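Student: I would like to learn how to read a few features in a structure file. Please give the general idea each time, then the case at hand.

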Amino acid sequence: MSCNICGSGNAVFFLKCADFEFREKQVELSKCGSCGTIFVNPLPPDKELSGYYRGNYYEKPGFIFGIIQGLRKVFFSGITPGKVLDVGCGAGTFLKTMKNLGWECSGIEVSESSKKFTRKLKSQGIDVKYGDLLKADYKKNSFGLITFWHVVEHLKKPGLYLERANELLKKGGLLFIAVPNIDSFSFRLWKSNWFHLDVPRHLNHFSPGTISALVEKNGFRVVKISHYSFEFNPFGVLQSLYNSLGFEFDFLYKLMKKKPVKTGASYYLQLSLTLITLPVMAPLSTALAYLFSLAGRGDTIQVLAEKH
């Protein structure tokens, strides 16, 4: 199979592990010998892939995470407000906070489950479309900022979406992308137990170098790269630690999302051990996440780029 990013057929085996949702199917990752991007190989058919997004996948795991998501606005606090488009806007939490900063907000989402938020968002002056960005009827050169919060890793052809973003941005407009970091210390430590690997939903896995190359290839100049996200990094380290210790895979995350877990004695034992160890594991994970980020090997990458 050819690389999703550069089209090269020069790929080698990288890793094989069970899918992160059902733990039933083995998913293989390959590394492109040309651009270095790591990707699911072969790509699952759309019908199969849609099965991994059912239920409440798009909803945040609890009220606290919703509040933390509101902190995303901090990244843009020094930028003069204009028109922003959030690709994969979900419940619109980020757009509501940007609205409070004076931005004119639009969002686009493919999830049917997110439609229940439409009326409330529109009443707050936020325009939301449902469908594919490549087919949406936005005017060219009309936005000052376009954001992809943990969306690009889910796309089969991410280059096409960045090319479309370039068309929609004004000259000098800004592109923001957040993705997991396959070059993180967390991945190196925990491999297939790394929470943010999330195969096969995460079709592409980037390092700072490969995501920068993708951005620059599509008409942008990288302005800033950061490696710390309070929303994603500490919990990613925490759940990876529990996965590596032999707990039911993503046990804590499943509890927070109210997803099915194994019942019986195993459930009560794991729940008890989680509650007992959490007061130590949570601050430890937060500290590790921060240290990893200081070293430039945090669990996530945030890229801010400018249109040429």
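Tutor: Start with handedness: a crossover is right-handed if, with the strands pointing away from the viewer, the path from the first strand over the helix to the second runs clockwise. Helices (H or I, at least four residues) and strands (E, at least two) are DSSP runs, numbered from the N terminus. This is a predicted model, in which local features need pLDDT of at least 70 and side-chain atom pairs count only at pLDDT 80 or more, while totals for chains, interfaces and linings use all residues. Residues are numbered from 1 along each chain as its sequence is written, and side-chain values use heavy atoms, with hydrogens and water left out.

Student: Which elements make a right-handed β-α-β unit?

Tutor: Strand β4, helix α3 (residues 93-100) and strand β5 make that unit. Strands of a sheet pair through backbone hydrogen bonds, either parallel or antiparallel. Two strands count as paired if DSSP finds at least two bridges between them. Here β4 (residues 83-87) and β5 run parallel, joined by five bridges, and D86 has G107 in β5 as its bridge partner.

Student: How many residues of β5 are buried?

Tutor: Buried means under 20% relative accessible area, exposed over 50%, and partly exposed in between (1.4 Å probe, protein chains only). Five of the six residues of β5 (residues 104-109) are buried.

Student: What is the strand order in the open sheet of four strands?

Tutor: The order is β1-β2-β3-β9, with antiparallel pairing. Its edge strands, each pairing on one side only, are β1 (11-18) and β9 (204-205). Inside the sheet, β2 (residues 26-32) and β3 (residues 38-40) are joined by three bridges in the antiparallel sense, and L29 has V40 in β3 as its partner.

Student: How should I check the length of a helix, taking α8 as the case?

Tutor: Compare its span with the expected one, which is 1.5 Å times one less than its number of residues. Helix α8 (residues 233-244) has 12 residues and reaches 17 Å from first C-alpha to last, close to the 16 Å expected. It is largely enclosed by the rest of the structure, because 11 of its 12 residues are buried; among them are F235, L238 and Y242. Just after α8, G246 takes a positive phi of about 95°.

Student: How many disulfides are there?

Tutor: A disulfide is a pair of cysteine sulfur atoms within 2.5 Å. By this rule the count is zero. C32 is in no disulfide, since the nearest cysteine sulfur, that of C6, is 3.5 Å away. C32 counts as buried, at 3% relative accessibility.

Student: How many aromatic pairs does a search of the whole structure find?

Tutor: Rings of Phe, Tyr and Trp (its six-membered ring) pair if their centres lie within 6.5 Å; planes under 30 degrees apart count as stacked, over 60 as edge-to-face and the rest as tilted. The search finds 20 pairs. One of them is F76 with F176, edge-to-face at 5.1 Å centre to centre and 75° between the planes. This pair links distant parts of the chain, 100 residues apart: F76 is in the loop between α2 (63-69) and β4, and F176 is in strand β8 (residues 169-180). Both F76 and F176 are buried. Ring pairs also link F75, F76, F94, W149 and F176 into a cluster.
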